[in-house]
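Take a look at the protein below and keep it open while you read.

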Amino acid sequence: MSAAAPRCDRTAAWRALHDHYRQHGRAFDLREAFARDTGRFAALSLQAPEVFADLSKNRWDLSTRNLLIDLARECGVPARRDAMLRGEPINTTEGRAALHTALRAPRGTAPHGDEVHAVLDAMLAFAERVRDVRASGIRDVVHIGIGGSDLGPQMAVRSLDAFATREIDLHFVSNVDGHDIAPVLRRLRPESTLFIVASKTFTTQETMANAGVARAWFTQQGGRDAARHFVAVTTNLAAAAQFGIDTTFGFWDWVGGRYSMWSAIGLPIAIAIGETNFRALLAGAHAMDRHFADAPLQANLPLQLGLLDVWYRNFHGFASRSIAPYHQGLERLPAYLQQLEMESNGKSVDLDGEPLSYGTSPVVWGEPGTNGQHAYFQMLHQGTDVIPVEFIAVREASHPYPALQRKALANCLAQGQALMLGKTTAQARAESVPTAAPGVDAGVLARHRTFPGNRPSTTLVLEALTPRSLGALIALYEHRVFTSGAVWGIDSFDQWGVELGKTLCNQLLPRFDTGDTTGLDASTAALLSRLR
Ligand code: F6P
């Protein structure tokens, strides 16, 4: 929503989409759509940099898509995108730009280029010095951060394991619960450990508490020369200095925490995969940025995914989306996307603070395939709710077991097929079922074994999981979240909803010492007395 753009629920396109939903959307059947239109796959699949997307197993067609594009235009999405890329303060409640795209732009092509590249060069040079283990003596790196200062680096390091040095182990500590840091410290020696304290604000309770524990451990274990073993990544360089850390890499308030893995917050990624690969990660993201900025709306993948999300959330009423990466390296991707999407778009007022009459962020969740198949896919296939599934398939494996790779990919395709095709009661009845109880009525059994089908899915395909393709994939998700947020007219770059719990925690903390429960609600008072 640009200043001049109307809110989505007050546009002609929104009304047209409601009519369209009543006439075509509600009863849309994927099986019939494929039977009707042999060109459906070609019309509804898209190639973006590094990522191919099959959008054809979704409950839409070109007429839906065109109405959604009208909606994007009426809501001023392209203008808001351009404002973001120019560095305008589109995060209005915090008065900040959202310029994560500048972090991966070649020198001289985006705002703040000089400062971005100065820090990037210094951070990458430092990473290379750490990677030279004979000179650095570093064998373990412990990254301490939470939320955006943890999820991106952790997800990327895991994803890019095939590119990582085998000489250094990377550990991630985020939770204030000491069961996170304790087992990590148990395995370490101070002389060969580097701690990275990563926090945009350098005030986050969890990170500061864990950093304090790490520093105390270092001293207790006889660690010497702490300056060589602790570095900080933050926008609050003064606080890092006050904590006693000399080596710091900065970033800026125009980088949102959940958009920060491209900044010095990516230091553990750079230590794992090295400078050349880190630059490839940035280049992949930049290629997707250019696609988002320049591709016509009909061929613009992040935009189309964001609009499909709006179609499902606001017209079909689907409140959840499941992510199923068929690559174990992407095991932390669902957690990363939860923050990206739900912290960005989990809002219920528009930019003017007016309550919304429509839903925003869906619940985003998932697990790598094939594990999810043996856990919750039952519900996706036969449960009462329709949950669009997003498959991520990677054609080329980086392991030496081709038979496993074929099985993983066949499973991925089979799940999309099963969700869409389903199985009629008549089909189920015609099958012999040796595992069924002997006396069970054939009709009853067939109804238990019926699959409604017509359940939508999107399949994203990467040729291989590389720094470049991962960069493009993550940027794709960032811009998709931007698109739905821009249609909804919300501030996708603030996160006021995390404040209340932090404040109440600080108020409760001293009560754990005193036991004072005065003024607390009865439930919290009783729980506090039980837990302290
Ligand atoms: O509590 C939410 C949050 O502010 C996130 O937005 C952020 O990514 C995370 O905490 C960590 O914040 P910081 O990097 O300042 O420690």
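The largest cavity is lined by 14 residues. If you want to find its middle, look for Asp309, Tyr312, Ser320, Arg321 and Pro388, which lie nearest its centre. Its volume comes to about 120 Å³. How many cavities of 30 Å³ or more are there? The count is two. Keep in mind that you're looking at a predicted model, not an experimental one.

Why roll a probe over the atoms at all? Because a probe the size of a water molecule shows where empty space is left.

Now for the ligand. The space it takes up is the largest pocket. There are 14 residues around the ligand, and Ser149, Ser199, Lys200, Thr201 and Thr204 come nearest. What kinds of residues make up this shell? Nine are polar, three are charged and two are nonpolar.

| Residue | Part of the residue | Distance to a ligand oxygen |
|---|---|---|
| Thr201 | side-chain N or O atom | 2.6 Å |
| Gly148 | backbone N or O atom | 2.7 Å |
| Gln339 | polar side-chain atom | 3.2 Å |

Taken alone, the ligand would expose 390 Å², and the protein buries 87% of that.

Finally, zoom out to the domains. Domain 1 is put together from three stretches, 8-74, 295-421 and 455-494. Domain 2 covers 100-278, while domain 3 covers 499-531. How far apart are the C-alpha centres of domain 2 and domain 3? They lie 33 Å apart.

Definitions and conventions: Residues are numbered from 1 along each chain as its sequence is written. This is a predicted model: local features need pLDDT of at least 70, side-chain atom pairs count only at pLDDT 80 or more; totals for chains, interfaces and linings use all residues. Side-chain values use heavy atoms; hydrogens and water are left out. A residue is near a molecule or strand if one of its heavy atoms lies within 4 Å of it. A polar contact is a pair of N or O atoms within 3.5 Å; within protein, one must be able to donate a hydrogen and the other to accept it, and residues adjacent in sequence count only if both atoms are side-chain atoms. Accessible areas come from the Shrake-Rupley method with a 1.4 Å probe; for residues, only the protein chains shown count as cover. On a 1 Å grid over the protein atoms alone, a cavity is a set of points where a 1.4 Å probe fits but cannot get out, and a pocket is an open set with protein on both sides within 12 Å along at least five of seven lines; lining residues have an atom within 4 Å of a point. A molecule sits in a cavity or pocket if more than half of its atoms lie within 2 Å of its grid points. Ala, Val, Leu, Ile, Met, Phe, Trp, Tyr, Cys and Pro count as nonpolar, Asp, Glu, Lys and Arg as charged, and the others, Gly among them, as polar. Domain bounds come from an automatic or database domain assignment. Grid points are joined across faces, edges and corners, and a volume is the space filled by probe spheres set on the points.
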